[in-house]
2 protein chains.
Amino acid sequence: VRTWAVVVAGGNGVRFGAPKQFADLAGRPVLQWSLETARQACDGVVVVLPPQHEKGWSADLAVVGGATRSASVRAGLDAVPVDAEIIVVHDAARPLARTELWKSVIAAVVEGADAAIPAAPVTDTVKEVGPDGSLSTLDRSRLVTVQTPQAFRADVLRRAHQAGGDSTDDAALVEALGGRVDLVEGPPDNLKLTSPADLIVAAALIESGR
Amino acid sequence: VRTWAVVVAGGNGVRFGAPKQFADLAGRPVLQWSLETARQACDGVVVVLPPQHEKGWSADLAVVGGATRSASVRAGLDAVPVDAEIIVVHDAARPLARTELWKSVIAAVVEGADAAIPAAPVTDTVKEVGPDGSLSTLDRSRLVTVQTPQAFRADVLRRAHQAGGDSTDDAALVEALGGRVDLVEGPPDNLKLTSPADLIVAAALIESGR
């Protein structure tokens, strides 16, 4: 099955303080970790980058991202060849996702899902803050946190994005269309780099062999 | 204001593989980190332990925990002197909580809250899994994950636990009584040790000076 990756690295690192996808992680830029994994799992790779950063990355195609994450994903989708049957979307901010995880989400789509995404149990208590500041505690046994890489039937993902919604989670757009979204086990070490301390954490995990 | 700590270390580490509160973290047992912080922030410290582990810890009082986390908290509460006005409950699985965090939850209760708890923004997408396996994506801007230490007016916490509920989150019991629960900023590095990899992460954070 012809499979392409869209690796999203278009952010400007407002929360992080700098474009985190270019920071050094154990001797390689954060982004390079994802590009190498994408290359092992897929037939082709599109990388979505901020303006003026398109050169020098080991992808088949590099495009410039948009103002939102969904706009960046759409820029990537536009570059994916029309004969791709499965498209995997991955955030460069998750450099530790392993090839096996990419392969399991792809396998779930091959087996019939419209989308397959890694999900992990919620280990902390989660509360919802009401408009009046009141708190309610959610039943965490029913909650999961979701990660990338997320694999999709190419036609379903394109349709979901044609509707033009905006979400930091592509699977949510597929859910909105009524598509079948399967969960695969998301490893706890598939860390998302959010704060600079997360780079220290990611380096420690790599060094320990995880 | 007379303030006591209840440090909960009664777990048997089923998910972790061993009682994680006794594992080594940068040269000291995980539990000792919390006991030292508790000592700096409070007038007295009760530690709640599994059977046969009561000796050798630097707390004013050591008690044996119960079958659930709430039963363990209640065992700790029973040992706190009746003249304590504020009680801070903390999980030994969060060894990196700093004295300043303890002081800010205590200060919020001094200023009038029934409870004050550290809360952090949710950085991952969170989905709810319905009884039929269907997924819905929650609005994460309205969600927070909560941590310990959690500070309480002593009478409110005792009343909340007299109702006999069971929750991994004491603040939820106070919410159920209609009490005022204030949020303070929960640092992203106030890690909860859940998997053995988290020990590596915690050690790296300590070593980096965070």
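User: What makes a residue pair count as a salt bridge, and how many are there between chain A and chain B?

Analyst: The rule asks for a side-chain nitrogen of Lys or Arg within 4 Å of a carboxyl oxygen of Asp or Glu; the count between chain A and chain B is eight. Over all chains, the structure holds 26 salt bridges. This is a predicted model, in which local features need pLDDT of at least 70, side-chain atom pairs count only at pLDDT 80 or more, and totals for chains, interfaces and linings use all residues. Residues are numbered from 1 along each chain as its sequence is written, chains are lettered from A and ligands numbered from 1 in the order in which they are written, and side-chain values use heavy atoms, leaving out hydrogens and water.

User: Why is the pair A:Arg142 and B:Glu128 called a salt bridge?

Analyst: The closest N and O atoms of A:Arg142 and B:Glu128 are 3.5 Å apart, and the limit is 4 Å, so the pair qualifies. The pair crosses between chains, from the loop between S9 and S10 of chain A to strand S8 of chain B. A:Glu128 and B:Arg142 also form a salt bridge, with 3.6 Å between the closest N and O atoms.

User: What makes S10(A) and S8(B) a strand pair?

Analyst: Pairing requires that DSSP find at least two bridges, and S10(A) and S8(B), residues 125–129, have four, in the antiparallel sense. Within this pairing, A:Leu143 stands opposite B:Glu128. Strands are DSSP runs (E) of at least two residues and helices (H or I) of at least four, numbered from the N terminus.

User: How many residues does each chain bring to the contact, and what area do the chains bury?

Analyst: Taking contact as heavy atoms within 4.5 Å, chain A gives 36 residues and chain B 34. The buried area (accessible area, 1.4 Å probe, lost when the two parts are put together, summed over both) is about 3,200 Å², 59% of it on carbon and sulfur atoms. A:Lys127, A:Leu135 and A:Arg142 supply 18% of the area that chain A buries against chain B, more than any other three residues.

User: How do you know that the copies meet through the same surface?

Analyst: Of the interface residues of chain A, 94% are also interface residues in chain B, so the surface is the same.

User: What relates the two copies, and which residue of chain A comes closest to the rotation axis?

Analyst: With least-squares superposition on C-alpha atoms of residues with pLDDT of at least 70 in both copies, a rotation of 180 degrees with 0.0 Å of shift along its axis places chain A on chain B at an RMSD of 0.0 Å. The copies are thus related as by a two-fold rotation axis. A:Val201 comes closest to this axis among the residues of chain A, its C-alpha being at 2.6 Å.
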